[in-house]
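Please keep the sequence and the structure open while reading.

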Amino acid sequence: MGRWRALRCMDPLNRGAGRTPADIGAGAPAVPFEAMLAQTRQAFDSVAETYDGPRGNNALIQRMRERSWYAIERYAPASSRLLDIGCGTGIDAMHFAALGYSVCATDASGGMISRATARAAATSMKDRIDWRQLGAQELNRLDGRFHTAYSNFGALNCVPDLRLVARECARLLTDRGHMVFTVIGRLCPWELGYYLLQGRPRRACVRFARDMVAVQLNQLRVWARYYTPRQFYRCFDRQFELVHTQALSLWVPPPYLVSWHERHAHLGRMLGWLDDHTGGLPLLRSAGDHFLMVLRKRH
Ligand SMILES: C[S@@+](CC[C@H](N)C(=O)[O-])C[C@H]1O[C@@H](n2cnc3c(N)ncnc32)[C@H](O)[C@@H]1O
């Protein structure tokens with residue numbers, strides 16, 4: 001989302017967001033889930049053409065992406081079938097296709113799928129990727145078996161009901177199959193400090209909203225909910241056991257501060273070392289711009 005880190009957040013648009021009107025008492029303002037999903041889709045459609053450039057994939061995003069690739073390659077058997085949820089412009093899908101995996105790459109945004117298809121068309125990987133315009137909340141429309149599912153950089157933050165995703169992933173995954181997610185976290189010390197120092201406390205606290213909140217991308221709205229690893233895992237715990245959690249961009253700044261990071265290259269390397277060596281420790285792993293989570297399907 002610009003990525004999420006480059007987003008200029010709006011104030012939460014209404015206190016009732018995140019539930020359907022029926023869940024909320026008469027008179028409470030609410031945005032239905034369908035409208036949230038449609039607005040989010042439009043926002044991503046509007047940036048799809050350039051999202052594989054610095055807007056959506058700068059050096060700090062790529063740093064986190066490599067941690068996710070490492071985890072996926074560790075758990076996905078060679079040449080197996082992968083499911084990419086919220087594939088964007090297809091950077092991950094093309095990486096894994098090049099390594100010999102076959103990938104079903106899904107995204108809610110038609111613009112993202114068109115961009116991804118066009119990028120892949122020029123390569124020899126195109127036969128190993130099946131592109132589908134499909135929201136994470138619509139995985140019931142998908143058939144087949146996958147060894148591993150993954151979702152990078154916040155697609156799952158945009159889904160109103162993650163328990164549905166958990167049920168469908170359990171149906172689609174092979175026995176003891178894995179899922180690897182990078183999710184936008186709730187507690188990002190850098191972001192708190194950065195916006196508090198600017199005198200913008202509402203912006204600093206946007207990740208603490210209880211429900212879905214609207215954030216701005218290209219002057220359109222993306223609806224998202226922010227999680228601690230524990231809150232996120234609670235949506236999956238019936239079908240999946242927790243294998244690993246790790247903070248990403250905890251000491252390293254969030255991607256929207258990439259120019260600061262580049263200006264302080266030596267310090268940046270030290271912070272990167274700290275991220276890699278302390279991001280998995282208790283307490284610390286619950287903070288950071290994102291967290292990486294690995295789950296395994298229960299017997
Ligand atoms: C920040 S981008 C990340 C894209 C890609 N995973 C990557 O690593 O470059 C988030 C993606 O999630 C997609 N998305 C948003 N809501 C979604 C939903 N409900 N279901 C599936 N994809 C969704 C967006 O269209 C966008 O492509």
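## Model and confidence

The model is predicted. The protein chain averages a pLDDT of 90, and 90% of the residues score at least 70. The pLDDT falls below 50 over residues 4-29. Beyond near neighbours in sequence, that stretch has 51 contacts in the model.

## Shell around the ligand

The ligand is surrounded by 24 residues. The closest are Phe44, Gly86, Gly88, Ala155 and Cys158. Two elements give two or more residues to this shell: helix H1 (33-47) and helix H3 (91-98). The largest share, three residues, comes from H1.

By residue class, the shell divides into 12 nonpolar, nine polar and three charged residues.

## Helix H1

H1 has 15 residues. From its first C-alpha to its last it reaches 22 Å, close to the 21 Å expected at 1.5 Å a residue. Its buried residues are Met36, Thr40, Arg41, Ala43, Phe44 and Val47. These lie on the same side of H1, because they cover an arc of only 165° around the axis. Glu34 and Ala35, on the other side of H1, are exposed.

What do the buried residues of H1 pack against? Their partners are helix H4 (110-121), strand E7 (213-217) and strand E8 (220-224). Phe44 belongs to this buried set and is also listed among the residues closest to the ligand.

## Helix H2

H2 has 17 residues and spans 25 Å from its first C-alpha to its last, close to the 24 Å expected at 1.5 Å a residue. Leu60, Ile61, Met64, Ser68, Ala71, Ile72 and Tyr75 are its buried residues. They cover an arc of only 115° around the axis, so they sit on the same side of H2. They pack against strand E5 (146-151), strand E6 (173-184), strand E9 (240-248), helix H9 (258-263) and strand E10 (290-297).

On the other side of H2, the exposed residues are Ala59, Gln62, Glu66, Tyr70 and Arg74. Gln62 counts as exposed because it has 12 other C-beta atoms within 10 Å, and the cut-off for exposed is 12 or fewer. The C-alpha atoms of Gln62 and Glu191 are separated by 19 Å, with the two residues 129 apart along the chain.

Most residues other than glycine have a negative phi. Asparagine 218 is not a glycine, yet has a positive phi of about 55°. Serine 249 likewise has a positive phi of about 55° although it is not a glycine.

Asparagine 218 is in the loop between E7 and E8, and those two strands are among the elements that the buried residues of H1 pack against. Serine 249 is in the loop between E9 and H9, which are among the elements that the buried residues of H2 pack against.

Is each of these residues buried or partly exposed? Asparagine 218 is partly exposed, because 18 other C-beta atoms lie within 10 Å. Serine 249 has 29 C-beta neighbours inside 10 Å and therefore counts as buried. The cut-off for buried is 20 or more.

## Further positions

Arginine 163 is placed in helix H5 (residues 162-172). It counts as partly exposed because it has 13 C-beta neighbours inside 10 Å. Arginine 163 and glutamine 137 are 26 residues apart along the chain, and their C-alpha atoms are separated by 9.5 Å. Arginine 202 is found in helix H7 (residues 201-204). With 11 other C-beta atoms within 10 Å, arginine 202 is exposed. Its C-alpha atom is separated by 31 Å from that of isoleucine 85, 117 residues apart along the chain.

Glycine 100 lies in the loop between H3 and strand E3 (102-107). It has 11 C-beta neighbours inside 10 Å, so it counts as exposed. Which residues is glycine 100 in contact with, leaving aside its neighbours within four places in sequence? They are Ala78 and Ser79. Glycine 100 and valine 159 are 30 Å apart in space, C-alpha to C-alpha, and 59 residues apart in sequence.

Notes. Residues are numbered from 1 along each chain as its sequence is written. This is a predicted model: local features need pLDDT of at least 70, side-chain atom pairs count only at pLDDT 80 or more; totals for chains, interfaces and linings use all residues. A residue is near a molecule or strand if its C-beta atom, placed from the backbone, lies within 6 Å of it. Helices (H or I, at least four residues) and strands (E, at least two) are DSSP runs, numbered from the N terminus. Ala, Val, Leu, Ile, Met, Phe, Trp, Tyr, Cys and Pro count as nonpolar, Asp, Glu, Lys and Arg as charged, and the others, Gly among them, as polar. pLDDT is the predictor's confidence in each residue, from 0 to 100. Two residues are in contact if their C-beta atoms, placed from the backbone, lie within 7 Å. The expected span of a helix is 1.5 Å times one less than its number of residues. The arc is that of the directions from the helix axis to the C-beta atoms.
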